[in-house]
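Work through these exercises with the model open beside you. Try each task before reading its solution.

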Amino acid sequence: MSTLFLITIRHPAREVSFMGNLLSANFSRLFKDKIFWICMILMAALGCYVYVNSLIEMKAWDLEVAADNNLFGFCMFTAIFQSVFVSIFTGTEYNDGTLRNKLAVGHSRAAIYLANMIVCSVAGLLMCLAYMAVALIIGLPFLGSFDTA
């Protein structure tokens, strides 16, 4: 019974070092990826567009628009850009044969897909931050403070 127990135990330090290697490789790929930067620029441009459009409507219709009305408008756009980015980012790894090489080196499928999920989640958060940063930079000076009522 003890031999069966020894066979099923994995060494956790080995998995952690592999996971660190996978994460650093994926983050390196992320920041070199053109699709990621295109999505970041488009999210920032959408943040600018939404607030400039609100400013134009505010002037044309003589309305009071608070700066936080459109702050969370990125949710709809994030779903679109994130789905495009994730499919291209993970599909490239499969098409180039990198996934097969990672498996041949000894990484588990779970570690590979977990590393991809972490990197794609961070990319999605960065896209949201790109929208919100531009929205705050444009929204606060032109539309005033947040609505507290």
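**Exercise 1. In which helix is asparagine 26 found?**

Asparagine 26 is found in helix H2, residues 12-32. Helices here are DSSP runs of H or I, at least four residues long, and strands are runs of E, at least two long, numbered from the N terminus. This is a predicted model, in which local features need pLDDT of at least 70 and side-chain atom pairs count only at pLDDT 80 or more, while totals for chains, interfaces and linings use all residues. Residues are numbered from 1 along each chain as its sequence is written, and side-chain values use heavy atoms, with hydrogens and water left out.

Next, check the burial of asparagine 26. Its relative accessibility is 1%, so asparagine 26 counts as buried. (Buried means under 20% relative accessible area, exposed over 50%, and partly exposed in between, with a 1.4 Å probe and protein chains only.)

Then list its contacts, meaning heavy atoms within 4.5 Å. Leaving aside neighbours within four places in sequence, asparagine 26 meets Phe89, Glu93, Lys102, Ala115, Asn116 and Val119.

**Exercise 2. Describe the overall make-up of the protein.**

Start with the elements. The protein has six helices and zero strands. From the N terminus on, the order is α-α-α-α-α-α.

Now turn to burial. Of the 149 residues, 34% count as buried.

Finish with the contacts. Take those between residues at least 6 apart in sequence: 83% of them join residues at least 24 apart.

**Exercise 3. Which residues of the largest nonpolar core touch the most other members?**

First, the term. A nonpolar core is a set of buried Ala, Val, Leu, Ile, Met, Phe, Trp, Tyr and Cys residues joined through side-chain atoms within 4.5 Å. In soluble globular proteins, nonpolar side chains tend to be buried together.

Of the 24 residues in the largest core, Leu30, Phe36, Met43, Phe81, Phe85, Met127 and Tyr131 touch the most other members. At least two core residues come from each of helix H3 (34-61), helix H4 (74-95) and helix H6 (109-143). H6 gives the most, with ten residues.

Follow up with tyrosine 131. Beyond neighbours within four places in sequence, tyrosine 131 contacts Met43, Leu46, Gly47, Val50, Asn70, Leu71, Gly73 and Phe74. A second, separate core has six residues, including Leu22, Leu99, Ile112 and Ala115.

**Exercise 4. Is phenylalanine 85 buried or exposed?**

Locate the residue: phenylalanine 85 is found in helix H4. Its relative accessible area is 0%, so phenylalanine 85 is buried.

List the contacts of phenylalanine 85, leaving aside neighbours within four places in sequence: Leu30, Asp33, Ile35, Phe36, Cys39, Cys120, Ala123 and Met127. Then compare sequence with space. Phenylalanine 85 and glycine 124 are 39 residues apart in sequence, yet 8.8 Å apart C-alpha to C-alpha.

**Exercise 5. How many aromatic pairs does a search of the whole structure find?**

The search finds six aromatic pairs. Rings of Phe, Tyr and Trp (its six-membered ring) pair if their centres lie within 6.5 Å; planes under 30 degrees apart count as stacked, over 60 as edge-to-face and the rest as tilted.

Take phenylalanine 31 and phenylalanine 36. Their centres are 6.0 Å apart, with 80° between the planes, and the pair is edge-to-face. Phenylalanine 36 and tryptophan 37 have centres 5.0 Å apart and planes at 70°, so this pair is edge-to-face.

Phenylalanine 31 is partly exposed at 43%. Phenylalanine 36 is buried at 1%. Tryptophan 37 is partly exposed at 39%.

Last, the cluster: Phe27, Phe31, Phe36, Trp37, Phe85 and Phe89 form one aromatic cluster.

**Exercise 6. What is the span of H3 from its first C-alpha to its last?**

H3 has 28 residues and reaches 40 Å, close to the 40 Å expected at 1.5 Å a residue. The expected span is 1.5 Å times one less than the number of residues.

Next, the buried residues of H3: among them are Phe36, Cys39, Met43, Val50 and Met58. Just after H3, aspartate 62 takes a positive phi of about 55°.
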